[in-house]
Amino acid sequence: MNIRLENVGIAVRDLEAAIAFFTDLGLAVVGRDTVSGDWTDAVGLDGNHANMAMLETPDGHGRLELFEYIHPDAIETAPTRPNEIGMHRVAFSVADIDEALEIAARHGCYPLRGVATYKDIYKLTYVRGPSGILVMLAEELKKS
């Protein structure tokens, strides 16, 4: 079977703040819409109605679909912890981790525990992005 990842969907409390964060990191908005109707109820919610934006990485291979729910009301939850079952994080390769952290800081997002080095291959860190999204940023040290 031929399969490819289409996108990762994330519900956010403030769509504009989430768009600003991810576009500042380098993603581009490739679509926006307000969605509702029977076809949107396929997600498992009756009367599903949301504002959404599709963002894409510069290489065109990764997409985030961000949703801000109009109906039903969004349910505020605590951000997931790394050892909880379920969606864990969104990870991005960046050319310069220091620059990426400066951008994240402008949005009030800082490393959870500093910057680590993995086997002299990557410098990486985790930040809590908008709506508590756990975002990993990694800079490749040994270019392939």
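**Close-up views of a predicted model**

**View 1. Thr57 is a buried residue, with a relative accessible area of 14%.** The model shown here and in the following views is predicted. Thr57 is placed in the loop that links strand S3 (49–56) to strand S4 (63–71). With residues up to four places away in sequence left out, Thr57 touches Leu27, Gly62 and Phe92. A polar contact of 2.6 Å joins the side chain of Thr57 to the side chain of Asp59. Ser36 lies 21 residues from Thr57 along the chain, and 26 Å separate the C-alpha atoms of these two residues.

**View 2. An open sheet is formed by four strands in the order S5-S8-S7-S6.** The pairing within this sheet is mixed. Its edge strands are strand S5 (90–93) and strand S6 (116–118), each of which pairs on one side only. On average, neighbouring strands of the sheet are turned by 30 degrees against each other, direction ignored. Helix H2 packs on the sheet and touches S7 and S8. The direction of H2 makes about 10 degrees with that of S7.

**View 3. Strand S5 pairs with strand S8 in the parallel sense, over four bridges.** Met136 in S8 is the bridge partner of Ala91. Val90 stands opposite Val135, which also belongs to S8. The two faces of S5 can be told apart by their residues: Val90 and Phe92 make up the covered face, whereas Ala91 and Ser93 make up the uncovered one. Phe92 is also among the residues that Thr57 touches.

**View 4. Helix H2 (residues 97–106) has the buried residues Ile97, Ala100, Leu101, Ile103 and Ala104.** These residues lie on the same side of H2, because they cover an arc of only 160 degrees around the axis. An α-helix has 3.6 residues a turn, so residues three or four places apart point the same way. The buried residues of H2 pack against helix H1 (15–24), strand S7 and strand S8 (134–140). Glu102 and Arg106 are exposed, and they are carried by the face of H2 that is turned away from its buried side.

**View 5. The N-terminal end of helix H2 is capped by Asp96.** A side-chain oxygen of Asp96 lies 2.9 Å from the backbone nitrogen of Asp98. Beyond the other end, just after H2, Gly108 takes a positive phi of about 75 degrees.

**View 6. Thr125 is found in strand S7 (residues 122–128).** Thr125 is buried, with a relative accessible area of 1%; this value is under the 20% limit for a buried residue. A polar atom of the Thr125 side chain lies 2.7 Å from the backbone oxygen of Gly114. Neighbours within four places in sequence left aside, Thr125 is in contact with Ile97, Leu101, Pro111, Gly114, Val115, Val135, Met136 and Leu137.

Note on methods: Residues are numbered from 1 along each chain as its sequence is written. This is a predicted model: local features need pLDDT of at least 70, side-chain atom pairs count only at pLDDT 80 or more; totals for chains, interfaces and linings use all residues. Side-chain values use heavy atoms; hydrogens and water are left out. Buried means under 20% relative accessible area, exposed over 50%, partly exposed in between (1.4 Å probe, protein chains only). A polar contact is a pair of N or O atoms within 3.5 Å; within protein, one must be able to donate a hydrogen and the other to accept it, and residues adjacent in sequence count only if both atoms are side-chain atoms. Contact means heavy atoms within 4.5 Å. The arc is that of the directions from the helix axis to the C-beta atoms. Two strands pair if DSSP finds at least two bridges between them. Axes are lines fitted to C-alpha atoms, for helices over the stretch in contact, and angles run from 0 to 180 degrees between N-to-C directions.
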